[in-house]
Amino acid sequence: MNAKQNSILIVDDDIVNISAIMNILGQDYTVYAEKDSENCVALVKKLKPDLILLDIIMPGISGFDIMRFLKSDTDTADIPVIFLTGKTEPDNEVLGFDLGAVDYINKPFNSPVVRMRIAHQIQIINQRRRLDSLREAEEIERQRKEQKRINERINLILDSAPISIEIYDLDGRILDCNNATLRMHGLGHKTTYMEAYNKMPGQFYPESQPCGSSSAALLAAYFTEANECGKSVFEWVHRTYDGVDFPTEVSMSKIEHEDIVFLVAHVYDLREIKRLEQERLETLQETSDARSRFFARMSHEIRTPVTAVMGISEVHLRRRNMPHHIEDAFARIYDSSKILLHIVNDILDMSKIESGKMSLLNSVYDIEGLISETSQLHMVYLERKDVTFRLYVDENLPARLYGDALRLRQILNNLLTNAFKYTSRGHVIMSIHAERTEEDSDEVTLAISIRDTGKGMTAEQIEIIKEEYVRIHEIDNHLISGTGLGMPIVYSLVQLMDASMDLQSELGKGTDITLRIPQKTVGNEKVGAELARLLQDFERGTWFGAKDFEAATEIIPKLSGSILVVDDAETNRYVAEAMLEAFGLNIELCESGICAVERIKAGMTYDIIFMDHMMPEMDGIEATQTIRTLGYGKPIIALTANAFYGQTEMFLENGFSGFMTKPIDMQILRSFLIKYIPEIK
């Protein structure tokens, strides 16, 4: 450092001394002077000289006192002080050095000595400054290198992260990002991405997000949320540099550091997750479809022989003058087959529920038919037990409703069957009425109550039957048939129908069940007092027990027409033919869909074709579609042993006029025949 740059302050009340020193030092240093000892401390703080020449003896405040002030103040404590003195007492020198003086200069002044002493102190000061400057520079360099290492370490950590990390200012400008961000957008250089983004951010996302909102407006809202709330998490569709959109999830956090506020976004690329999820869904769908096909085939393969046994038994039970022991044998075969069919249906229904394939098929139905068919189906129990069955029907019930009557009938049948199974004596009571929330609305709730005086259940048993396939009282009622699937199916159907079921039971006293099932009314017609009475007296509907087929034959009308039955199973053709013969019809049989198509091609026409659904080579759907392409317009009714309901639309869409499930129900068969074939008068 040039000596001229160094500054010296002289504090002395004698102007002669000041002038002398300024003459000695003025050419080499910047020299300031102060006569008033009381002002010198303030002047020192203002000038911050490199060196102070301080007279010891001054009016007011002595040099020693000024020295004490200077050393006690952190702003002035490090400034070197040389005392000026006309005294040579050793005690004064000791005191001065003890207070922190670096040297003494005696009066009168010897110019060479003064110059040498001052030069010596200035040299020390400048060397110290150079050393301090060097140390400061070294420290700065050390800190710079350390910061560089820290930054490199941070960048390595950020770049090793598998997710995109981006840093933004509050205006939405990107400040930094990691390599995962570049890979995500298909770029190789950080500068390229950041410059492109800050110039036109809209090129990295579509104009609108999947929700329909503007991407720019939505992103601004998310930035505001992160700034105000400290965090914002959202799904976002990004776009690669070459224009390919892809899904992400963004977690944006607000960071404050040293008065600087910025936003850090962690961006999770969801492409691989979405791909795996899609593959999983496709696999699940394939598994579900395969399962559905399996159960459809199993339904067909199991139900076909069972329904054949039932059909053959029914055909023989309808014949007159049969020996009693043979009639009894056929009745037992029929009843056993019916139980087996019910078990198979329950298993298949439960499989459908568990696979999520169960659905409702709502349509218009008559409440009369629902009540009469459900109640009369259980009349057989009255022949075997000391049980009374009472039915209460509200005359204000809507006559016609819209809902899934099939599933509603399934619920009631399961509940009534359990009531009769576990009631040895006493009564089973079913009551039904409608509840309206609004008078003018077509919404109505069917309130159905079923009470019995049977064995009842504990609270623990009630919880078990909701989920587990068990039979309560199995040990003491080992002769009662059943799989334990009925109640889980009921609970699943109740949930599917947005209904509710309250089950109250007491062990040894019986069970009380209340169902509330939402339905819609069709029209304003009511059941009325007379029909309600007939239903309660079980005088509506016709119940066919195993021993009543012969009597039922008397009400079969005689028709004039021709029928074609198409079925690959010989036993099914045998049963269908035997049932149709009772109506006096001309019946032809075909063993395949191909055979049926050939007959239509040959110009044959029939009042009704009954077409089996599942057949080898050409199934019923393909055969029907082929026949329809030939211009054939007569009715074709599907026959199916598939227990999975919900096929009405499928059959109608493929050219069928309707469908019947196997075993063939005589009443349903009759309804199709009467609909399409005129009765002989």
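**Sheet**

I found 5 strands in an open sheet with parallel pairing, in the order E2-E1-E3-E4-E5. I took strands (E, at least two residues) and helices (H or I, at least four) as DSSP runs numbered from the N terminus, and counted two strands as paired if DSSP finds at least two bridges between them. Strand E2 (30-34) and strand E5 (103-106) are the edge strands, each pairing on one side only. The twist averages 20° from one strand to the next; axes are lines fitted to C-alpha atoms, for helices over the stretch in contact, and angles run from 0 to 180 degrees between N-to-C directions.

The model is predicted: local features need pLDDT of at least 70, side-chain atom pairs count only at pLDDT 80 or more, and totals for chains, interfaces and linings use all residues. Residues are numbered from 1 along each chain as its sequence is written, and side-chain values use heavy atoms, without hydrogens and water.

I then looked up E1 (residues 7-11) and E3 (residues 51-55), which pair in the parallel sense over 4 bridges. Val 11 has Leu 54 in E3 as its bridge partner.

**Helices**

Helix H1 (residues 15-25) packs on the sheet and touches E1, E2, E3 and strand E4 (81-85), contact meaning heavy atoms within 4.5 Å. The direction of H1 makes about 175° with that of E2. Helix H2 (residues 37-47) lies across E1, E2 and E3 and runs at about 155° to E2.
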